Amino acid sequence: MHRTVMIAEYLRPYAQWRIARPDPADDCRNARAAIGLIDAAAYVAQLDDCDRVIVRMAVAGCFAKGRFDPGAEGEALVRHWHYDEAVGGPADLLEGLAECAERAASDEHAGRAAAFSLH
């Protein structure tokens, strides 16, 4: 399966989750967030797996388990995407996910290096 498809499939349930959370007092924040995630899923599905941001996520280990996993920080980014305000587009979300994954990979590498140096 293409990595871009895996990312799109990861984003769509979060959009559905937002759609299923109608709240008259939320000032349409759930709807705005759902639209932002649907837009991002459509955008990423049009990219090539060789696109730089997709390669960055692959190098950071986002596809290691045969599915897209941006890590805890990346998941939080997706869960809150466009909820408070609609700043940034789909490319910005992907860039943010790549940065989150790279930080997690760097932290994991630093942890392993520290553990190895203790032996």
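# Helices and ring pairs in a predicted model

Trainee: Which pattern does the chain follow, read along the sequence?

Mentor: This is a predicted model. There are five helices and zero strands in the chain. Read along the sequence, the pattern is therefore α-α-α-α-α.

Trainee: What share of the contacts with a separation of 6 or more comes from residues 24 or more positions apart?

Mentor: The chain has 119 residues, and buried residues make up 35% of them. For contacts with a separation of 6 or more, the part from residues 24 or more positions apart is 71%.

Trainee: How many aromatic pairs does the structure hold, and what kind of pair do Tyr-10 and Phe-68 form?

Mentor: The structure holds three aromatic pairs. For Tyr-10 and Phe-68, the centres are 5.2 Å apart and the planes are at 80°. Planes over 60 degrees apart count as edge-to-face, so the pair of Tyr-10 and Phe-68 is edge-to-face.

Trainee: How many residues apart are Tyr-10 and Phe-68, and are they buried or exposed?

Mentor: Tyr-10 sits in helix α1 (residues 3-19), while Phe-68 is in the loop between α3 (52-59) and α4 (71-80). The pair links distant parts of the chain, 58 residues apart. Both Tyr-10 and Phe-68 are buried.

Trainee: What kind of pair do the rings of Phe-63 and Phe-68 form?

Mentor: Phe-63 is buried, as is Phe-68. Their ring centres are 5.4 Å apart, and their planes are at 45°.

Trainee: Which residue lies over the face of Trp-17?

Mentor: The charge concerned is 4.6 Å from the ring centre of Trp-17. A distance within 6 Å is required for a charge to sit over a ring. The residue over the face of Trp-17 is Arg-79.

Trainee: Where is Asp-27 found, and is Asp-27 buried or exposed?

Mentor: Asp-27 is found in the loop between α1 and α2 (29-45). Its phi is near 55°, a positive value in a residue other than glycine. Most residues other than glycine have a negative phi. Relative accessibility is 62% for Asp-27, so the residue counts as exposed.

Trainee: What is the phi of Cys-28?

Mentor: Cys-28 is placed in the loop between α1 and α2. At 55% relative accessibility, Cys-28 counts as exposed. Although Cys-28 is not a glycine, its phi is positive, at about 65°.

Trainee: How are α1 and α3 oriented to each other?

Mentor: The axes of α1 and α3 come within 11 Å and cross at roughly 80°. Angles of 65 to 115 degrees set the class here, so α1 and α3 are roughly perpendicular.

Trainee: Which residues in α1 and α3 meet?

Mentor: By class, this contact of α1 with α3 has four nonpolar, one polar and one charged residues. From α1 come Arg-3, Thr-4 and Ile-7, and they meet α3 at Ile-54, Met-57 and Ala-58.

Trainee: Which residues does Ala-98 touch, not counting those up to four places away in sequence?

Mentor: Ala-98 lies in helix α5 (residues 90-117) and counts as buried, at 0% relative accessibility. Its C-alpha atom is 8.9 Å from that of Ala-58, 40 residues apart along the chain. Not counting residues up to four places away in sequence, Ala-98 touches Val-53, Arg-56 and Met-57.

Note on methods. Residues numbered from 1 in each chain as written. Predicted model: local features only at pLDDT ≥ 70, side-chain atom pairs only at ≥ 80, totals over all residues. Heavy atoms only, no water. Phe/Tyr/Trp six-rings, centres within 6.5 Å; stacked < 30°, edge-to-face > 60°. Helix = DSSP H or I, 4+ residues; strand = E, 2+ residues; numbered from the N terminus. Buried < 20%, exposed > 50% of the residue type's maximum accessible area, 1.4 Å probe, protein only. Lys NZ or Arg CZ within 6 Å of the ring centre and 35° of its normal. Axes fitted to C-alpha atoms, helices over the stretch in contact; angles between N-to-C directions. Parallel < 35°, antiparallel > 145°, perpendicular 65-115°, else oblique. Contact = heavy atoms within 4.5 Å. Nonpolar A, V, L, I, M, F, W, Y, C, P; charged D, E, K, R; others polar.
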